[in-house]
Amino acid sequence: MKVNVRFFAALREAVGTADLAVHTSAGTVGALRDELIARGGPWADALGRGRAVRVALDQVMADEATPLHDGAEVAFFPPVTGG
């Protein structure tokens, strides 16, 4: 399936892109994250399992077990704090 992945704030800077179309066999948001981590280099550094990363699916907050669907928009971003 094809999903559109978006990166925000420090993650966008780390991976060097804001948007990415990905053909994936991942069934969940967590499996997609693992596929991106497997790219190595800045992908593994930015999205690695020890990193605090939030995710949204189709503009709704999601967790790693959330199922993916063809054409989904997946957004990865660092935690944000209010002030």
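Residues are numbered from 1 along each chain as its sequence is written, and side-chain values use heavy atoms, with hydrogens and water left out. Because the model is predicted, local features need pLDDT of at least 70 and side-chain atom pairs count only at pLDDT 80 or more, while totals for chains, interfaces and linings use all residues.

**View 1. A salt bridge between glutamate 73 and arginine 6.** A salt bridge is a side-chain nitrogen of Lys or Arg within 4 Å of a carboxyl oxygen of Asp or Glu, and here the N to O distance is 3.9 Å. Glutamate 73 lies in strand β5 (residues 73-77) and arginine 6 in strand β1 (residues 2-7), so the pair ties together parts that are 67 residues apart in sequence. Strands (E, at least two residues) and helices (H or I, at least four) are DSSP runs, numbered from the N terminus.

**View 2. A salt bridge between arginine 49 and aspartate 34.** The side chains meet at 2.6 Å, N to O. Arginine 49 lies in the loop between α3 (41-47) and β3 (54-57), and aspartate 34 in helix α2 (residues 29-37), so parts that are 15 residues apart in sequence are tied together.

**View 3. A salt bridge between glutamate 64 and arginine 49.** The closest N and O atoms are 2.8 Å apart, and glutamate 64 sits in the loop between β4 (60-62) and β5. Arg33, Asp34, Arg49 and Glu64 are linked in a network of salt bridges, and a search of the whole structure finds 6 salt bridges.
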